[in-house]
Amino acid sequence: MTTNHGPTNHGPTNHGPTNHGPTNHGPTNHDPQLLGAYVLGVLDEREVRAVEDHLASCARCRAELAELRVMEDAMGDVPAEALLDGPPEGGDLLLQRTLRQVRSERAGQVRRRQVGIGLVAAAVVAVVLGGGFAVGRGTAPDVSAVQTSTPPAPPAGTMLGSATDPETGARMTVQVKPAAGWVRVNASVAGIAQNEKCKLFVVAKDGSRQEAGSWLVSATGEQDGTNLDGSALIAPGDVAAIEVRNFEGEQIVTVPV
Amino acid sequence: MAALWSRKREAAADEALIRSLYEEHGRALLAYATRLTGDRAAAEDVVQETLVRAWRHPDALVNGKGSVRGWLLTVARNIVTDRIRAKAARPQEVAETPTTPPVQRDHADSVVDSMVVLEAMDRLSSDHRDVLMEIYFRGRSVTEAAEALGVPPGTVKSRSHYALRALRETFVGQQVALKGVAG
């Protein structure tokens, strides 16, 4: 394999009788090994002709050729520089500059990490304070708005509403998210006495209503409110209000959206 | 104390990473960036930025040498393209010497392909890789390649065929897996 250095040796001519006529369906030389060199454009004229004659009559070689062409194309996307190895010529000033930048960025990262820890600590304090705040509000006699957790940016088309019923004193904040022809509802309801059996309704513009869920108000529910998720088959565009009623059908609170 | 120690170790690792990338790929990167920018100083900035990005994304560097280089070249190209776009408001400023073709064929696909090809080439046997290097990338004839490689011309022809085939096998396997990496 590694012998034969003869530079003048002009390749193997073991092709048997050369074929001339391009329309010839006779036995051309089936030698797929030449297709690679053919695609790479390094065959001599005579060989090219032989390969092309053969291709005209051999579907298998044509398929093979198509695959190799894809590969040759892909190699064309490789920039010639990609095949150079080693460091750039001419000193390592560039290396030193790069190292300096990385060192200073690393130092910055360490600082940021320390700041990050500080932020986490601050957040913990805020949660503790916030909890106290919520409890304080919950036990206060006159609460006009329930502090529910702020939802993350709602999706487009989401409807929000909040209301307090002047008669019952019940309060509700709702979020109505459109689905495909129906809606998802999230409601935070507070100010309803313990043991009340409640139903959540979605009210349509034509006055019809669909139940979206039901629950029993607990002790904590009375004090801190109840958060509910429901859904109803009313088109997002047709929703007029969200409503809570007891099982006797008496209205407790309504939030128009 | 432990924190200080680990910080020192991190710094040493940073340095080793940058150094090894520079030693192995620096030449290819700088030559490529120089051709794209037509300006050695600008090219050095691009290479610096490329290496720093590699350091920030060590997860991109886990594959064989081929794809690391492909990744680095892709990043370098993106940096050059971004800078040219940034200057596009003042088109006169994009200096192009006659020998510097503008950045052309900015298809993400072709960039990904070239990464995959590099990776695939890296996996070829050295016989196969050498014959493709000679014939395709150095533009040598069969006779010249045969001389350079010390094999008969017939072997150059058949080897270049099997090399292309092997490249294609790896390429097809890798192509799907690597799409999206170039980001």
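**Figure 1. Where chain A meets chain B in this predicted model.** Let us start at the contact between the two chains, to which chain A brings 43 residues and chain B brings 52 residues. On the side of chain A that touches chain B, the elements giving two or more residues are helix H1 (33-39), helix H3 (59-76) and helix H4 (93-139) of chain A. H4(A) supplies the largest share of that side, ten residues.

**Figure 2. The largest nonpolar core and B:Tyr32.** This core holds 64 residues, and those touching the most other members are B:Leu29, B:Tyr32, B:Ala33, B:Val47 and B:Ala76. The element that gives the most to the core is helix H1 (residues 2-37) of chain B, with ten residues. Which residues is B:Tyr32 in contact with, once its neighbours within four places in sequence are left aside? On chain A the partners are A:Pro79, A:Glu81 and A:Ala82, while on chain B they are B:Leu73 and B:Ala76. As a general note, nonpolar side chains tend to be buried together in soluble globular proteins.

**Figure 3. Another core, apart from the largest one.** Here you will find a core of 25 residues. Its members include A:Val176, A:Ile192, A:Phe201 and A:Val253.

**Figure 4. An open sheet of four strands in chain A.** Follow the strands across the sheet and you meet them in the order S5-S4-S7-S8 (chain A), with antiparallel pairing. Strand S5 (209-216) and strand S8 (251-256) of chain A are the edge strands, each pairing on one side only. On average, and with direction ignored, neighbouring strands of this sheet are turned by 20° against each other.

**Figure 5. A closer look at the pairing of S7(A) with S8(A).** Strand S7 (residues 239-246) of chain A is joined to S8(A) by five bridges, and the two run antiparallel. Which residue of S8(A) is the bridge partner of A:Ile242? That partner is A:Val255.

**Figure 6. A:Asn195 and its positive phi.** A:Asn195 is not a glycine, yet its phi is positive, at about 75°. Look for A:Asn195 in the loop between strand S3 (183-190) and strand S4 (197-204) of chain A. Is A:Asn195 buried or exposed? A:Asn195 counts as exposed because it has 11 C-beta neighbours inside 10 Å, and the cut-off for exposed is 12 or fewer.

**Figure 7. Chain A from end to end, with its confidence values.** Chain A has five helices and eight strands, and from the N terminus on its elements run α-α-α-α-β-β-β-β-β-α-β-β-β. Of its 257 residues, 24% count as buried. Among contacts in chain A with a separation of 6 or more, 55% link residues 24 or more positions apart. The mean pLDDT of chain A is 75, with 71% of its residues reaching 70 or more. Among the elements of chain A, S4(A) has the highest mean pLDDT (93) and H4(A) the lowest (63). Over residues 1-26 of chain A, pLDDT stays under 50, and the model has 28 contacts beyond four places in sequence for them. Over residues 125-154 of chain A, pLDDT also stays under 50, with 16 such contacts.

Technical notes: Residues are numbered from 1 along each chain as its sequence is written. Chains are lettered from A and ligands numbered from 1 in the order in which they are written. This is a predicted model: local features need pLDDT of at least 70, side-chain atom pairs count only at pLDDT 80 or more; totals for chains, interfaces and linings use all residues. Two residues are in contact if their C-beta atoms, placed from the backbone, lie within 7 Å. A residue is buried if 20 or more other C-beta atoms lie within 10 Å of its own, exposed if 12 or fewer, and partly exposed in between; C-beta atoms are placed from the backbone. pLDDT is the predictor's confidence in each residue, from 0 to 100. Two strands pair if DSSP finds at least two bridges between them. Axes are lines fitted to C-alpha atoms, for helices over the stretch in contact, and angles run from 0 to 180 degrees between N-to-C directions. A nonpolar core is a set of buried Ala, Val, Leu, Ile, Met, Phe, Trp, Tyr and Cys residues joined through C-beta atoms within 7 Å.
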